[in-house]
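Here is a structure to read through in questions and answers. Have the sequence and the model side by side.

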Amino acid sequence: MAWKSRTRSLQVFDTEQSADTVEWCPVSPNHNILVCGTYQLQKGAGVEDVTPSRTGRLYLFDFRREGSMSPPLTELQRIDTAAILDMKWCHVPVSGKALLGTAAATGELQLYSLSDGQEGSCSLQTLSSLEVGAERLALSLDWSTGRMDSSDVRVVCSDSAGCVSVVSLAEGALTTLSQWKAHDFEAWISAFSYWDTQLIYSGGDDCKLKGWDLRVGPSCPTVTSKRHSMGVCSIQSNPHREHIVATGSYDEQVLLWDGRNMRQPLSESAMGGGVWRLKWHPTHQHLLLAACMHNDFHILHCQQALEGSGGACPVVASYILHNSLAYGADWSRLSLDHPAPCSPHATEPKESLTESRGHVRIQYESPTASFDTSLEDDAGQYIPESIAAPSTTPAAGPALNPDHDAPSLSCLLASCSFYDHMLHVWRWDWTPGEAQPESEQC
């Protein structure tokens, strides 16, 4: 048994500054809302001993596919801020509104609310901010609401001083509940166990993965693992499977864990690049999205590992059309209920796409192949995916059983890359069990 898997670029957006985090809104009816954050180091102009400033920008987009000849993303708002290192939406509405939290280079947690504007448009409004510590960078945050539970809305944040902070949200205001020194160096990541939000995981540049139980206090971790050989920079609890946690590291490994036994991971998958972010699919428990810095974006199928068979999780799809460090990535909850448009046959001459239109052709290269895609012509007109030139590379996959309620999938994703300051929106179509295995990227 094998699969048919295809990723297709829908739109590319230049963020002007280095892009490092991207998030789709999980709160209905705003699944069409996408945010992207940037981080730009501004060095002094030849002046010694001047602390460089870190600036950023928060972009708000609307995704709508109302016509094949129009680009799906519409920029609704841009907010100049301090550099943004991470951001997450609260998974549930608070006081009837979607809330976005950002971790800033000023050491602040910043909170925004999504408000409806004129003619159905939306905008972000500053709601609250909290400094987690002076002279440090806030590096990550996570909400306690990953299983769509609104009974206890809290935020956990990690910072460059190696500290972890737990923050409550009441009446729109952020209040620190506890803060402790968790790691010897930068605490790159912190995350709730979505099944028991008194449990927190953290990872740092000291190569340690730690677990904390807030009921007994943070004086001593309940778990300390040195299974990763380099800094731990990504952690996410699986919202569909109790006890399951995914971690990633600069050591280029994705580890899956059972939180009841952290002595040995369930599986270890080599990704070929530092694993900066991990995201479980919002509805399908076995799919894990990984942003792998120097080695692009990949989707892992984790079913066999979670069922105890061990071994590495197979990659069922890859998106390789970024030219720089793969940092931010996220799944959308929007339904793609119509099939992907048919591409021209692979033997169709590419000249037919360029004569009389003068497309700007962006060349993407990978270690194994190069891909062309035409995104707009010289007049700035959008070129829809249905006439983009495809490139096909056959690839077989191992036998896999998809989730029982998902014999095939069409997913919408977003990803961003750092030095080339690019945001990509793309779709993934997957049909397990195809007789003829095939993997495509356009």
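Predicted model: local features only at pLDDT ≥ 70, side-chain atom pairs only at ≥ 80, totals over all residues.

Residues are numbered from 1 along each chain as its sequence is written, and side-chain values use heavy atoms, with hydrogens and water left out.

Q: How many helices and how many strands are in the chain?
A: Helices (H or I, at least four residues) and strands (E, at least two) are DSSP runs, numbered from the N terminus. The chain's count is 2 helices and 33 strands.

Q: What percentage of the 442 residues is buried?
A: Buried means under 20% relative accessible area, exposed over 50%, and partly exposed in between (1.4 Å probe, protein chains only). Of the 442 residues in the chain, the buried share is 57%.

Q: Is Arg64 buried or partly exposed?
A: Arg64 meets Asp62 in a salt bridge at 2.8 Å, N to O. A salt bridge is a side-chain nitrogen of Lys or Arg within 4 Å of a carboxyl oxygen of Asp or Glu. Asp62 is buried at 13% relative accessible area. Arg64 has 41% relative accessibility, so Arg64 is partly exposed.

Q: How many residues apart in sequence are the parts that Asp86 and Arg277 tie together?
A: The side chains of Asp86 and Arg277 form a salt bridge at 3.7 Å, N to O. Asp86 lies in strand E7 (residues 84-89) and Arg277 in strand E23 (residues 277-280), so the parts tied together are apart by 191 residues.

Q: Which class of ring pair do Phe13 and Phe61 form?
A: Rings of Phe, Tyr and Trp (its six-membered ring) pair if their centres lie within 6.5 Å; planes under 30 degrees apart count as stacked, over 60 as edge-to-face and the rest as tilted. By this rule there are 15 aromatic pairs. For Phe13 and Phe61 the centres are 4.8 Å apart and the planes at 80°, so the class is edge-to-face.
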